[in-house]
Amino acid sequence: MTATYITTTIPYVNARPHVGYALELVQADVLARYRRGQGDAVRFQSGTDDNSLKNVLAAQAAGVEVREFVDRNAQAFVALGDALSLSVDDFIRTSLDPRHRPGVERFWRACAAAGDLYRQRYEGLYCTGCEQFYTPAELRDGRCPEHETLPQRVSEENWFFRLSRYAEPLREAITTGRLHIEPAGRRNEVLAFIDGGLADFSVSRPAERAGGWGIPVPGDPGQVIYVWFDALCNYVTALGYGSDDAAFRRWWASEGDRVHLLGKGVLRFHAVYWPAMLLSSGQPLPTRIFVHDYLTAGGRKISKSGAGAAALEPAALAADYGTDAVRWWLLREVPRVGDADFTVGRLVARADDELANGLGNLVNRVVAMIGKYRDGRIPDPGPVPPGGEDLDAAIRQAGERVGAALDGFDFRQATAAVWAIADEANRFVNRVRPWDLAKAERAGQAPARLDAVLGLLARACSALGRELLPFLPDAAARIARQCTPRDMRLPVPSPVFRRLAPA
Ligand SMILES: [Zn+2]
């Protein structure tokens, strides 16, 4: 059985989660559910980055103890598991989890033993939002390209990681596909960054500047480990690296697939720093990295705080419009490459058009017709009836099309393959008009025709229940219930989706 390890990034908990982060969670969940359905052993990992200096600053600004502040916000991220119907296997909180600190310390010592850590005085321009140093050339008009804030000039003595040693091995891993980065534009971006020359990077901060928050450097308690070094280690500490090696050996140091999902803003950390740290510590690299772009909301950059942030919380959206509607919008409308703009109006329109009217109506009609014309018994389908060829093809091809699309992290293509079944089925119903066939049948003509039509439509609904499972697990279960006979008969039809907009 193939072991597949799928991770999301672990966000700062300086504020509550927003819909942009829901995208990554839902994408990872789809992959996890799909792989489980294919018979893989899957471990789906998420968590929160509690040790960020940004959390400390946000807590101070809010006038709340750091521990209390971090715990409160982290709970909102934990709660997304239920709100979005995520099949998360494990959730790590870096400030609390007893597996984390010993693993980070072991990782640090492994890099030190490889000769890759050294102390040096450093002066540079630092963005606290990103928690990274920028060179003047990387700034935009002197401001952080990510936060558009002025960086601080910082001068201090830090531990450095010898990244410069790893340019060649990294380039080799990426160009051979041993470390596969999708989409290709992001792979090229990483290669260009490596070609530009890799400078050693700072991996510690004076404990004083970090407000005493974070993991002390082993053997040098005046320094705490840089939060990115700390946070990236979560991908292996959550598997017991440094505490219980059995899970680590199974999911990381094995032949399996190790897949990281992340946003474009943290690409360099995941595709350069993290693989270099793994090479230094003598551990295998991730096998695949998928980079998503960002969501905007009503044309504006989404921020975790600020006006309207509460209305864009994924849990609030799921409570108001349903988990299925939120997942469907994220999967159907966000392109594989390029930003997407979220509005509640778009979410509602997409859900009503495709879920309530398209899928829900179809299942309802088919179950009702089988109830009315065949007393709830699904007829033997027999050969595909004339006019049903396209629908038959959509049903037969869906599984393969979904698999190919998800292999390339194309969630829009994958959902399009499932949607094609509903679309073709609705077209088929309107074309063959089963109610006319029923009338003809009552007049004593061609009963086999209606059997074949209803049989094919029942097959379409069952296929929807099956193929939707990774994407809309709740709705898939409802559809499967509607399409499964009990005592030989289908249940009385009940709506699979509610309409969101007033009619
Ligand atoms: Zn920044």
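Q: What counts as a helix or a strand here?
A: Helices (H or I, at least four residues) and strands (E, at least two) are DSSP runs, numbered from the N terminus. The model is predicted: local features need pLDDT of at least 70, side-chain atom pairs count only at pLDDT 80 or more, and totals for chains, interfaces and linings use all residues. Numbering starts from 1 along each chain as its sequence is written, and side-chain values use heavy atoms, leaving out hydrogens and water.

Q: At what angle do the axes of H17 and H18 cross?
A: Axes are lines fitted to C-alpha atoms, for helices over the stretch in contact, and angles run from 0 to 180 degrees between N-to-C directions. Take H17 (residues 434-442) and H18 (residues 447-467). Their axes cross at roughly 155° and come within 8 Å.

Q: Which word describes the direction of H17 relative to H18?
A: Under 35 degrees is roughly parallel, over 145 roughly antiparallel, 65 to 115 roughly perpendicular, and the rest oblique. H17 and H18 are therefore roughly antiparallel.

Q: Is the crossing of H17 and H18 left-handed or right-handed?
A: Left-handed means that the near helix is turned anticlockwise from the far one by less than a right angle; clockwise is right-handed. H17 and H18 cross in the left-handed sense.

Q: Which residues make the contact between H17 and H18?
A: Contact means heavy atoms within 4.5 Å. H17 contributes Pro 434, Leu 437, Ala 438 and Glu 441. From H18 come Pro 447, Arg 449, Leu 450 and Val 453. By class, 6 are nonpolar, none polar and 2 charged. Here Ala, Val, Leu, Ile, Met, Phe, Trp, Tyr, Cys and Pro count as nonpolar, Asp, Glu, Lys and Arg as charged, and the others, Gly among them, as polar.

Q: Where do H14 and H18 meet?
A: On H14 the residues are Leu 359, Leu 362, Val 363, Val 366, Met 369, Ile 370, Tyr 373 and Arg 374. On H18 they are Pro 447, Leu 450, Asp 451, Leu 454, Leu 457, Ala 458, Cys 461 and Leu 464. This contact has 14 nonpolar, no polar and 2 charged residues. The axes of H14 and H18 come within 10 Å and cross at roughly 140°, and the crossing is left-handed.

Q: How many residues are in the largest nonpolar core?
A: In soluble globular proteins, nonpolar side chains tend to be buried together. A nonpolar core is a set of buried Ala, Val, Leu, Ile, Met, Phe, Trp, Tyr and Cys residues joined through side-chain atoms within 4.5 Å. Buried means under 20% relative accessible area, exposed over 50%, partly exposed in between (1.4 Å probe, protein chains only). The largest core has 104 residues. Among those touching the most other members are Leu 295, Leu 330 and Leu 457. Helix H14 (residues 344-374) gives the largest share, 13 residues. Leu 330 is in contact with Val 19, Ala 22, Leu 23, Val 26 and Leu 295, leaving aside neighbours within four places in sequence. Another core, of 62 residues, lies apart and includes Trp 108 and Val 217.

Q: Is Arg 186 buried or exposed?
A: Arg 186 is buried, at 16% relative accessible area. This residue sits in helix H7 (residues 184-195). Not counting residues up to four places away in sequence, Arg 186 touches Ile 181, Lys 264, Leu 267, Val 291 and Asp 293.

Q: What is the peptide bond from Glu 182 to Pro 183, cis or trans?
A: The bond is cis, with omega near -10°. Pro 183 lies in the loop between strand S7 (180-182) and H7.
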